[in-house]
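Here is a short report on a predicted model. Have the sequence and the structure open as you read.

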Amino acid sequence: PAELIHDNRRPPRALVVWTGNVLANETLTLNGMRVTTPARTGFDLGRHIRSRTSAVQRLDALANVTDVKRSDIEVPSPA
């Protein structure tokens, strides 16, 4: 199913909805549709996919089609 970041807790059928804050620099318009950047998409995949194997497979596929790097996705650890 398609996945959206949305504030409506009752999603339409066949959609998975996550709530969260998306910063202005974490979106772009692609073919007239507002989508998250590859880095934000990778961040969300890493934190929402429960199966490590599935998460790695999806992140690898994302990296292959967008050229996003691990360093683009990583959250700096606190000092």
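## Salt bridges

Helices are DSSP runs of H or I, at least four residues long, numbered from the N terminus. Asp 44 and Arg 47 both sit in helix 1, three residues apart, about one turn of the helix. Their side chains form a salt bridge, 3.1 Å from N to O. Asp 44 is buried, because its relative accessible area is 10% and the cut-off is under 20%. Arg 47, at 43%, is partly exposed.

The whole structure holds five salt bridges. One of them pairs Glu 26 with Arg 40 at 2.8 Å, N to O. This pair links distant parts of the chain: Glu 26 is in the loop between strand 2 and strand 3, while Arg 40 is in helix 1, 14 residues apart. Glu 26 counts as buried at 19%. Arg 40 is also buried, at 6%.

Glu 74 and Arg 70 form a salt bridge too, with their closest N and O atoms 2.8 Å apart. Through shared partners, Glu 26, Arg 40, Asp 44 and Arg 47 join into one network.

## Helix 2

Helix 2 covers residues 52–66. Its 15 residues reach 21 Å from first C-alpha to last, close to the 21 Å expected. Ser 54, Ala 55 and Leu 62 are its buried residues. The face turned away carries exposed Arg 52, Thr 53, Val 56, Gln 57 and Asn 64. Helix 1 is among what covers the buried residues. Asp 67 follows helix 2, with a positive phi near 65 degrees.

## Nonpolar core

The largest nonpolar core has five residues: Leu 45, Ile 49, Ala 55, Leu 62 and Val 68. Beyond four places in sequence, Ile 49 touches Ser 54, Ala 55 and Arg 58.

Technical notes:
Residues are numbered from 1 along each chain as its sequence is written. This is a predicted model: local features need pLDDT of at least 70, side-chain atom pairs count only at pLDDT 80 or more; totals for chains, interfaces and linings use all residues. Side-chain values use heavy atoms; hydrogens and water are left out. Helices (H or I, at least four residues) and strands (E, at least two) are DSSP runs, numbered from the N terminus. The expected span of a helix is 1.5 Å times one less than its number of residues. Buried means under 20% relative accessible area, exposed over 50%, partly exposed in between (1.4 Å probe, protein chains only). Contact means heavy atoms within 4.5 Å. A nonpolar core is a set of buried Ala, Val, Leu, Ile, Met, Phe, Trp, Tyr and Cys residues joined through side-chain atoms within 4.5 Å. A salt bridge is a side-chain nitrogen of Lys or Arg within 4 Å of a carboxyl oxygen of Asp or Glu.
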